[in-house]
Amino acid sequence: MSNDKKTLADDLDLSGYREDAPEHAEIEDLSRLSPEDQQVLLMTGIDPTGKQRYGSFFQKDHTVVHCRTDFEGAEIMSVTAARKKYDGLKEYWGKLVPADKDVYTRRAEEHMEHGYYIRSLPGAQVRYPLQACLYLTEDKLAQDVHNIVIAEEASNLNIITGCATAPHVRSGLHVGVSEFYVKKGATLSFTMIHNWAEDMAVRPRSAVILEEGATYISNYICLVPARDLQMYPTAILKGKGSVATFHTVLLARPGSLMDVGSRVILQAAECRAEIISRAVSTGGKIIARGYISGEYPGVKAHLECKGLLLSKKGNIHAIPELEGKTLDLDMSHEAAVGKIAQEEIEYLMARGLSEQEATSLIIKGFLSLDIVGLPENLQNELQQMIDQTDTDAM
Amino acid sequence: MKNEYLFELKDFHVWVGEKEILKGLNLRIKQGSVHVIFGPNGSGKTTLLNAVMGFSGYRVTGQILFHGKDITRLPVNERARLGIGISFQRPPAIHGVKLRHLIATSAKTNGRLLDEYARKLNLVDFLERDVNVGFSGGEIKRAELLQLLLQDPDLIFLDEPESGVDLENIALIGEYTNHLLGKKLRPQEDKTMKELRREVSKSGLLITHTGHILNYVNADVGHILMGGRIACEANPQEMLNTLQECGFQECYRCFRKEEDHVKR
């Protein structure tokens with residue numbers, strides 16, 4: 001895509017990262033992990049007990065150490081295993097995110113340190129989410145993965161992906177190519193939570209394709225510092241009546257650069273899309289992008305981009321873009337960058353909250369998104385995560 | 001030493017920017033007493049409550065005493081914590097914060113009582129909604145009342161509690177405003193009404209343009225706020241009757257006479 005050239009910075013110095021990681025032993029049960037690790041996972045949306053999950057995938061550095069599902073309606077395994085089992089996944093591999101797209105996709109192709117493969121079978125209803133975690137435990141390590149997700153016809157698939165670093169890790173590089181196939185009448189809700197060390201560089205490269213009547217709901221949450229995060233996933237609505245929704249929640253602290261957007265291409269009749277982002281900067285820089293391209297008459301799409309700038313050292317740059325390529329489109333956007341209204345703070349103070357408590361409550365409220373179509377327990381988990389975010393430093 | 005007055009304003013001046021809005025008010029409210037301030041639009045009624053709560057945007061001189069303590073320079077939340085509550089005329093919407101969550105964070109009492117009051121005020125569904133987001137006039141006022149009932153302050157400021165409220169809602173709002181102010185008591189087996197009255201020692205300062213709320217709320221003392229000054233101290237119902245007959249014109253006449261009197 002033409003605006004990738006502007007977007008994708010090749011400014012990372014990749015020479016400082018280690019390419020080799022020690023092999024790790026298999027873990028039978030994630031609840032056997034150390035309490036510190038489990039705490040990190042919990043804050044990344046991963047439930048170590050697996051109680052409210054239909055299956056789990058856990059990759060530590062370059063080793064897939066745990067993978068299981070009790071649910072017959074879905075498969076979850078390492079993408080390496082899936083390629084062996086399914087003749088290289090030829091139909092899917094590299095079809096949405098070409099390997100030669102940029103320096104990062106080339107890395108992922110070259111290094112191929114696993115990643116997950118998740119597929120729901122036709123008609124399967126996955127009530128509880130499947131969870132996949134990519135965990136970095138070695139400092140200065142580069143982790144390059146490739147993920148494939150397939151929601152077969154008329155299935156309902158629900159995934160939580162958590163990407164995190166162990167408590168002692170300061171820096172590293174995470175590159176993840178992800179390709180999502182949402183087939184006829186299927187619904188995929190994909191929630192990704194990033195929980196990185198302060199000095200991480202992160203380059204996800206994702207694309208989604210939707211067939212007729214398919215629905216894709218993406219939730220992306222990053223409330224912790226990451227030195228340099230850059231992603232701009234694309235959803236291509238190819239099938240009639242398909243719907244895509246992107247929700248993004250970002251909190252950038254001093255020293256963080258988050259260049260995050262969502263891109264939707266509406267190519268068929270009756271397609272709809274919504275991109276909603278909430279960005280809070282307490283000193284970091286956020287570039288909140290959004291791009292909607294209307295390529296078929298009658299499609300509808302809306303882009304909403306709101307930012308709260310809480311420090312004069314911070315910077316929020318909202319770049320909403322709409323491109324109409326045919327007649328009879330209904331596309332709109334709204335963007336706002338501002339501060340917390342004093343009136344709101346004083347209203348809460350009149351109820352007895354201190355200024356800090358009031359500010360924190362308003363920020364957390366700003367970051368909470370009522371996400372339509374998300375299972376209630378997952379919505380509650382996300383809310384808890386936002387509630388537990390330490391806003392005291394703000 | 002116990003102070004006879006719960007709340008006192010002494011020579012209270014308020015400026016907004018360069019403009020003096022309130023020009024030296026003196027007001028005293030006894031424990032258990034509810035005062036009403038009538039005033040035409042733009043007379044500074046809301047400014048009075050906002051400045052007394054300590055909201056920003058007002059420059060203040062003089063003294064605010066609560067329980068005999070000078071609170072003139074305290075931050076808003078400390079005034080609230082001491083036992084002052086306010087029902088806003090037009091409160092802001094707080095996106096992403098559920099009404100239940102706000103009350104759980106701010107209120108003294110909670111749990112069963114919250115659900116009970118929410119039911120009585122027809123607000124059960126609203127507990128799970130964002131504070132004031134998309135609420136109608138009546139819903140806003142009921143939500144303010146609900147928050148105050150659980151915050152349980154000793155002194156309650158009510159800013160136009162009837163504005164924007166339809167007839168259906170006003171009776172309910174009146175009933176629970178009375179309840180909040182401890183003005184509606186039912187005899188209990190183990191206590192006489194006299195004892196109950198002594199126990200319920202809530203005080204209130206109610207601001208109203210129309211006075212309709214007085215059909216439902218029992219107030220003890222009425223005042224007029226006009227031209228930045230407080231005048232009159234009288235039976236609020238009688239004052240309302242006069243206002244309804246003659247309008248605020250009558251008060252202007254009265255004011256002018258007083259001012260003439262001062263000049264002489």
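## Cores and contacts in a two-chain predicted model

The largest nonpolar core has 104 residues, and those touching the most other members are L348(A), F7(B), F12(B), F38(B), L146(B) and F157(B). A nonpolar core here is a set of buried Ala, Val, Leu, Ile, Met, Phe, Trp, Tyr and Cys residues joined through side-chain atoms within 4.5 Å. Buried means under 20% relative accessible area (1.4 Å probe, protein chains only). Helix α5 (residues 137–151) of chain B gives this core its largest share, seven residues. Helices are DSSP runs (H or I, at least four residues), strands likewise (E, at least two), numbered from the N terminus. Another core lies apart from it, with 62 residues, including V202(A), V208(A), F246(A) and I292(A).

This is a predicted model: local features need pLDDT of at least 70, side-chain atom pairs count only at pLDDT 80 or more, and totals for chains, interfaces and linings use all residues. Residues are numbered from 1 along each chain as its sequence is written, chains are lettered from A in the order in which they are written, and side-chain values use heavy atoms, without hydrogens and water.

Next, the two interfaces. Contact means heavy atoms within 4.5 Å. Buried area is the accessible area (1.4 Å probe) that two parts lose on being put together, summed over both. A salt bridge is a side-chain nitrogen of Lys or Arg within 4 Å of a carboxyl oxygen of Asp or Glu. A polar contact pairs N or O atoms within 3.5 Å; within protein, one must be able to donate a hydrogen and the other to accept it, and residues adjacent in sequence count only if both atoms are side-chain atoms.

| Interface | Buried area | Carbon and sulfur share |
|---|---|---|
| Chain B and chain A | about 1,900 Å² | 60% |
| Domain 1 and domain 2 of chain A | about 2,200 Å² | 74% |

Between the chains, 30 residues of chain B are in contact with 19 residues of chain A. N77(B), P92(B) and I94(B) supply 24% of the area that chain B buries against chain A. The rule finds one salt bridge across this interface. E144(B) forms a salt bridge with R351(A), with the closest N and O atoms 2.7 Å apart. Nine residue pairs are in polar contact between the chains. β7(B) gives the most to the chain B side, five residues.

Inside chain A, the domain bounds come from an automatic or database domain assignment. The domain centres, taken over C-alpha atoms, are 24 Å apart. Their contact takes 33 residues from domain 1 and 24 residues from domain 2. Zero salt bridges are counted here.

How values were computed:
Buried < 20%, exposed > 50% of the residue type's maximum accessible area, 1.4 Å probe, protein only.
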